[in-house]
Amino acid sequence: MVDSQYYLPNDIGISALDCAEAFRLLSPKEKLYAHYLSRAAWYGGLVVLLQTSSESASIYVLLQRVFRQQSPAQLESVAMDAGLSPEEYQAFLVYAAGLYANMGNYKSFGDTKFVPNLSKEKLKALLWQSQAFKDSPTEMEALWNSSADLIYSLEDRQKQLGLGDKGITTYFSGNCCLEDAELAQKFLDSKNLSAYNTRLFKREAVAGKNSYECFCVYCVVDGETDTRCGKYEFGEAVFTVRRGDYAPLMKKVSENLEKAQAYAANENQRRMLEEYVRSFTFGSVEAHKEGSRYWIKDKGPIVESYIGFIESYRDPFGSRGEFEGFVAIVNKAMSARFGQLVSSAEVLLPELPWPSAFEKDTFLKPDFTSLDVLTFAGSGIPAGINIPNYDDIRQTEGFKNVSLGNVLAVAYATQKEKLTFLDEKDKDLYIKWKGPSFEVQVGLHELLGHGSGKLFVQDEKGNFNFERQNVRNPETGELISSWYKGNETWDSKFSTIASSYEECRAECVGLYLCLNKQVLSIFGHEGEDAEDVVYVNWLTMVRAGLLGLEFYTPDSQSWRQAHMQARFVILRVLLETGEGLVTLQETTGADGRPDALITLDRAKIHTVGKSAIQRFLCKLQVHKSTADVDGGRALYDRYSAVTSSGSHDFLRLRETVLLRKEERKMFVQANTRINGETVELVEYEGSATGLIRSFAEKFPEDAEEVESQLLELSKQDASCWC
């Protein structure tokens, strides 16, 4: 029997993202713009297969070959003839849907491997009876032989993503460890190279020196000679910088971005796409930054998008970006609320619990829109986004915030009978206010969480962006003694904890500022309703902290998900505060199995709770502003520790959480296609079958070509994982 955390249950929630009305309201030109951006995003999204695991691309192609020949409905009778039960066939469909939704065989939220919940023999029998196998038996058998063992393998290291003995990763070759990652970061910093679009492969030693290859993403073409490609000696190591990673796929991304340019609404959009094409063609992060600058300037577009190697959550070192691309359509009514929040930001920022010197010199008012997702290609779909992630742009030029409305509408709907660890009297209130409270939290988290706080920097010319002789550390009263130097960034300095630490800081800002009546009023909450929103927001956070234990791996003592680690840290802070604010008890459920109960004293949120978050949030910001890695890591690691000692046995509670966990929902997205002079929206039902069909029909013009390219790219890397 496979541990339930390593397969997806047959009753997993799967919902369709509804954007039909928003798409219908677009003009013909806007529809064409959205279509070509979506095509670019979907082609680029295939890169995530190669960024996830060595076997993901082969599994994807295997499934595509099957489902492009036979729909799930057509394949059902084949499955019964092959000896599968209805439950086993559904398990196969859920596995396939999971592979598509996560763009790989590791969960995008938690980085845990998932395997089919049917035997290898049954899966092989089904594949051998498929039309795809009958048409191309040699090719299908080769695909199976290259991936079957890895599909099912649950050896300790392959259970989760990680670096070295903590898991598997394709951002680094299999022989790399943390020390290699740290050395590579120092090398990249010395050459003023960003790690965002790179992978690191450790090669055979040269003349007694460790040899590394930094492989930069994007297609290889002549031109733009300042790529810094070449061979470099660095201390006791040799680094070779190459470009051309994922080249065939990036070429298709660029081609579709060029087509979208013809339908751009304004010069900012046109220049933005021009820079993205330059970035994906020549491997230039600087070009992507320039494109991001035009993107920031493109205020209030009807069709919003962003594309590139963006979030670093899944790089075990925290510096390399996973590909994502989204296309979405503005929801004007909800965006008006977020616009009010932006207008109030300059009043709200001084409320945050750090001295004014620790806040940005000028708050650059960003766009903040609510969007209905048309396309989100990558490993998963968030509820909100604050981008770009480039520190130098965010600090001095600005950023944008988006809340994904149609994701929020379906992602967090909860059935009462599946609601765990809460008192019965809290459940109805939780269900009623979870959506509205999360909307408030997302708005504050993205705009005033990620959008706040200053980094103290000494640039390459020796100039400081703060008054060294006057600014004091509010925790110690002493003058600031550390800061970011030259090319150092938040990600490169705080590396392995950067993502989770920053999510924790943003979550704390949301908790802290949701207590402000002006904020609640902006979102339409007054009086008793406003207090219910506050209560449910805080209750949601402490419950999420408990649920976060699912994403901790005791064997490696590591966290697999940045946001859930952050929420566990907040739970620990509030538990430590005491005074009865939060209580966490181990209990026995009605079914006789271990259970837990978490409660929050709503009368103490504005006093005990606010003071606790105020103190902790100030510490987080001070360590971040001053580049105090040692202090920040010591603080964060202490609250991240999952042990059996102390007032709570968190390791035992983890077992209870795993016993009663509910899988995250998967989303079915529509496709677009050109029919004559119009663009049509092709929708699918919210089920495993619908999700599979949406991917089987994703690349109607060049599916075989794309699949061959994926297999070739996977083959090129094969020797790196041994």
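Predicted model: local features only at pLDDT ≥ 70, side-chain atom pairs only at ≥ 80, totals over all residues.
A polar contact is a pair of N or O atoms within 3.5 Å, where, within protein, one atom must be able to donate a hydrogen and the other to accept it.

**Threonine 540 and its helix**

Threonine 540 belongs to helix α20, which comprises residues 527-547. A polar atom of the threonine 540 side chain lies 2.6 Å from the backbone oxygen of valine 536. Beyond its neighbours within four places in sequence, threonine 540 is in contact with Tyr430 and Lys434.

Helix α20 has 21 residues, which at 1.5 Å a residue should span 30 Å; the end C-alpha atoms are 30 Å apart, in agreement with that expectation. Of the 21 residues of α20, 16 are buried, so the helix is largely enclosed by the rest of the structure.

**Glutamate 446**

The unreviewed UniProt entry annotates Glu446 as "active site". Glutamate 446 is located in helix α17, residues 424-449. When residues up to four places away in sequence are not counted, glutamate 446 touches Phe368, Gly384, Ile385, Asn386, Asn401 and Gly451.

**Accessibility of the two residues**

A residue counts as buried when its relative accessible area is under 20%. The table applies this cut-off to each residue.

| Residue | Relative accessibility | Class |
|---|---|---|
| Glutamate 446 | 7% | buried |
| Threonine 540 | 13% | buried |

Glutamate 446 is classed as buried because its relative accessibility is 7%. Threonine 540 is likewise classed as buried because its value is 13%.

Definitions and conventions
Residues numbered from 1 in each chain as written. Heavy atoms only, no water. UniProt positions renumbered as here; feature names shortened; annotations may be inferred. Helix = DSSP H or I, 4+ residues; strand = E, 2+ residues; numbered from the N terminus. Buried < 20%, exposed > 50% of the residue type's maximum accessible area, 1.4 Å probe, protein only. Contact = heavy atoms within 4.5 Å. Expected span 1.5 Å × (residues − 1).
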